[in-house]
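Please read them with the coordinates open beside the text.

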Amino acid sequence: MNNMDPKTAARQIKLMGFDVDGTLTDGGLYFGADGEVMKRFSVLDGQGLRLLIDHGVKVVWITARSSAIVEKRARDLGIYQLVQGCKTKLQVFDDIRQSLALSWEECGFFGDDWPDYPVLKHVGLAATTTHSPECMKAVANWTNQRPVGNGAVRELCDFILSCKPDYKNPWECD
């Protein structure tokens with residue numbers, strides 16, 4: 001289990017990585033006769049990612065699958081780096097982390113299944129889903145409550161930002 005308090009971990013985040021299927025999407029794969037034809041992304045999640053980015057957090061997506069749809073969504077949101085077709089997420093994430101000269105404590109990752117497990121064991125903020133295998137939950141220090149693909153990423157982004165001492169929620173009521 002990641003022993004770092006999630007609020008302390010979130011306060012330090014400078015690089016936040018995300019798996020795609022099962023976190024940014026509902027995990028469903030929609031196939032037509034010519035292959036994958038669509039994925040559903042939440043506008044709420046996209047806004048949360050933009051808030052993170054606008055607050056100086058580098059956001060990367062690392063996914064085992066490859067999809068033009070994911071590439072378009074990442075480009076639309078201004079994602080710092082997208083890595084598709086990745087079988088060794090830990091190595092890729094570590095390369096990005098090192099290129100930014102960040103410690104593991106300044107990094108977080110949101111993943112839901114086995115390919116994400118090695119990354120979660122290293123980062124300061126290890127986020128997973130309620131539907132993840134128990135071993136994933138055992139190493140995580142944050143678990144979503146909102147449905148994946150429908151606000152779970154926004155929930156995590158809001159949590160991270162709420163822990164930053166210099167963040168002022170632009171929609172906060174007076």
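1. Lys-89 has a relative accessibility of 3% and therefore counts as buried, the cut-off for that class being under 20%. Please keep in mind, here and throughout, that this is a predicted model. The side chain of Lys-89 meets that of Asp-116 in a salt bridge, with an N to O distance of 2.7 Å. Asp-116 belongs to the loop between β6 and α5 (117–120) whereas Lys-89 is part of helix α4, so the pair ties together parts that are 27 residues apart in sequence. Asp-116 is likewise buried, at 1% relative accessibility. Through salt bridges that share partners, Asp-19, Lys-89 and Asp-116 are joined into one network.

2. Glu-106 is buried at 16% relative accessible area, while Lys-14 is partly exposed at 43%. Asp-76 and Lys-72 form a salt bridge whose closest N and O atoms are 2.9 Å apart, but here both residues lie in helix α3, four residues apart, or about one turn of the helix. Asp-76 is partly exposed at 47%, and Lys-72 is also partly exposed, at 43%.

3. The sheet is open and is formed by six strands in the order β5-β4-β1-β6-β7-β8, with parallel pairing. Because β5 (81–83) and β8 (142–143) stand at the edges, each with a single partner strand, one side of each is left without a neighbour in the sheet. Within the sheet, β6 (residues 107–110) is joined to β7 (residues 125–128) by three bridges, and Phe-110 has Ala-127 as its bridge partner in β7.

4. Two helices that lie across the sheet strands can be described by their angles to β4. Helix α2 (residues 43–54) lies across β1 (15–18) and β4 (58–62) and runs at about 135° to β4, whereas helix α3 (residues 68–77) lies across β4 and β5 and runs at about 180° to β4.

5. Strand β2 (residues 30–32) pairs with β3 in the antiparallel sense over three bridges, and the two form a hairpin with two residues between them. Phe-31 has Glu-36 as its bridge partner in β3. Val-37, also placed in β3 (residues 35–38), is partly exposed at 48% relative accessibility, and together with Tyr-30 and Met-38 it makes a nonpolar surface patch of about 280 Å².

6. Most residues other than glycine have a negative phi, yet Ala-101 has a positive value, near 55°. Ala-101 is located in this loop and is exposed at 68% relative accessibility. Trp-104, in the loop between α4 and β6 as well, is buried at 16% relative accessible area. Apart from neighbours within four places in sequence, Trp-104 is in contact with Leu-90, Phe-93, Asp-94, Arg-97, His-122, Val-123 and Gly-124.

Terms used
Residues numbered from 1 in each chain as written. Predicted model: local features only at pLDDT ≥ 70, side-chain atom pairs only at ≥ 80, totals over all residues. Heavy atoms only, no water. Pairing = 2+ DSSP bridges. Contact = heavy atoms within 4.5 Å. Axes fitted to C-alpha atoms, helices over the stretch in contact; angles between N-to-C directions. Patch = residues over 30% accessible without salt bridge, like charges linked within 9 Å, V, L, I, M, F, W, Y side chains within 5 Å. Areas by Shrake-Rupley, 256 points an atom, 1.4 Å probe, with all protein chains shown as cover. Salt bridge = Lys/Arg side-chain N within 4 Å of Asp/Glu carboxyl O. Buried < 20%, exposed > 50% of the residue type's maximum accessible area, 1.4 Å probe, protein only.
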